[in-house]
Amino acid sequence: MSDDDLHEILTRVTRVACIGASTDPARPSHGVGTFLSQHGYDVWPVNPRHAGERLFGHEIVSDLADLPEGIEMLDIFRRSEHVPEIVDAALRTMPDLKVVWMQIGVRHEAAARTARDAGLAVVMDRCPKIEYRRLVGN
């Protein structure tokens with residue numbers, strides 16, 4: 001994906017679901033979600049272990065089906081082998097989804113192909129916080 005494509009995603013998307021969000025400030029998902037929420041994104045945390053707690057200004061939900069409508073980007077903080085089931089669930093339950101973003105170290109070519117075939121943009125093995133700082137600014 002080109003820098004222009006990444007910039008376009010980061011400046012177009014406003015509502016993000018953070019899959020694998022952690023309430024532990026030392027975890028990368030917490031730092032990225034906090035950064036995104038501080039930079040104008042509406043970040044919705046998803047983690048069944050912490051369902052009902054609050055993070056990024058929202059109640060943590062246990063499942064993608066529990067998210068409100070209007071989520072445009074899925075930021076995946078789960079191991080690569082979990083990505084196909086996440087993408088399949090997102091395609092079933094998230095009608096406004098535009099982007100599947102897999103964090104650093106997360107790649108799954110078949111799931112990426114499924115998402116692209118459904119018309120979604122796919123980013124793999126990158127961090128939106130890093131790319132935002134690099135392409136949009138602090």
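Q: Which elements are included in what covers the buried residues of H3?
A: In this predicted model, Val83, Ile86, Val87, Ala89 and Ala90 of H3 are buried. Seen down the axis of H3, these buried residues fall within an arc of 165°, so they line one face of the helix. The cover over the buried residues includes E1, E5, E6 and H4.

Q: Which element gives the most to the largest nonpolar core, and with how many residues?
A: The largest nonpolar core has 26 residues, and Leu64, Leu67, Leu74, Met94, Val100 and Met102 touch the most other members. At least two residues of this core come from each of strand E1 (15–19), strand E2 (42–46), strand E5 (73–76), helix H3 (83–93), strand E6 (99–102) and helix H4 (109–117). The element that gives the most is H3, with five residues.

Q: With which residues is Leu64 in contact, leaving aside its neighbours within four places in sequence?
A: Leu64 is one of the residues that touch the most other members of the largest nonpolar core. Once neighbours within four places in sequence are left aside, the contacts of Leu64 are Ile19, Val46, Leu74, Ile86, Ala89, Ala90, Thr93 and Met94.

Q: How many residues are in the other core, apart from the largest one?
A: The largest nonpolar core holds 26 residues. Another core lies apart from it, with Ile9, Leu10, Ala21 and Tyr41 among its members, and its residues number 23.

Q: Which residue of E6 stands opposite Leu74?
A: Both faces of E5 are covered, with Met73 and Asp75 buried on one side and Leu74 and Ile76 buried on the other. E5 pairs with E6 in the parallel sense over four bridges. In that pairing, the residue opposite Leu74 is Val100.

Q: Which residue in E5 is the bridge partner of Val16?
A: E1 and E5 are paired in the parallel sense, over four bridges. Within E5, the bridge partner of Val16 is Met73.

Q: Is the β-α-β unit made by E5, H3 and E6 right-handed or left-handed?
A: E5 and E6 pair in the parallel sense. Together with H3 these strands make a β-α-β unit, and its hand is right-handed.

Q: How many residues apart in sequence are the parts that the pair of Phe35 and Tyr132 ties together?
A: A search of the whole structure finds two aromatic pairs. In one of them, the ring centres of Phe35 and Tyr132 are 5.6 Å apart and the planes are at 75°, so the pair is edge-to-face. Phe35 lies in helix H2 (residues 28–38) and Tyr132 in helix H5 (residues 128–135), so the separation of the tied parts is 97 residues.

Q: Which residues do ring pairs link into a cluster?
A: The rings of Tyr41 and Tyr132 have centres 6.1 Å apart and planes at 75°, so this pair is edge-to-face. Tyr41 sits in the loop between H2 and E2, 91 residues from Tyr132. Tyr41 and Tyr132 are both buried, and Phe35 counts as buried at 5% relative accessibility. The cluster linked by ring pairs is Phe35, Tyr41 and Tyr132.

Q: Is Phe56 buried or exposed?
A: Phe56 is not a glycine but has a positive phi of about 60°. The loop between strand E3 (54–55) and strand E4 (58–59) holds Phe56. Its relative accessibility is 14%, under the 20% limit, so Phe56 counts as buried.

Q: What is the relative accessible area of Asp125?
A: Asp125, in the loop between strand E7 (121–123) and H5, also has a positive phi near 60°. Asp125 is partly exposed, and its relative accessible area is 34%.

Definitions and conventions: Residues are numbered from 1 along each chain as its sequence is written. This is a predicted model: local features need pLDDT of at least 70, side-chain atom pairs count only at pLDDT 80 or more; totals for chains, interfaces and linings use all residues. Side-chain values use heavy atoms; hydrogens and water are left out. A nonpolar core is a set of buried Ala, Val, Leu, Ile, Met, Phe, Trp, Tyr and Cys residues joined through side-chain atoms within 4.5 Å. Buried means under 20% relative accessible area, exposed over 50%, partly exposed in between (1.4 Å probe, protein chains only). Contact means heavy atoms within 4.5 Å. The arc is that of the directions from the helix axis to the C-beta atoms. Two strands pair if DSSP finds at least two bridges between them. A crossover is right-handed if, with the strands pointing away from the viewer, the path from the first strand over the helix to the second runs clockwise. Rings of Phe, Tyr and Trp (its six-membered ring) pair if their centres lie within 6.5 Å; planes under 30 degrees apart count as stacked, over 60 as edge-to-face and the rest as tilted.
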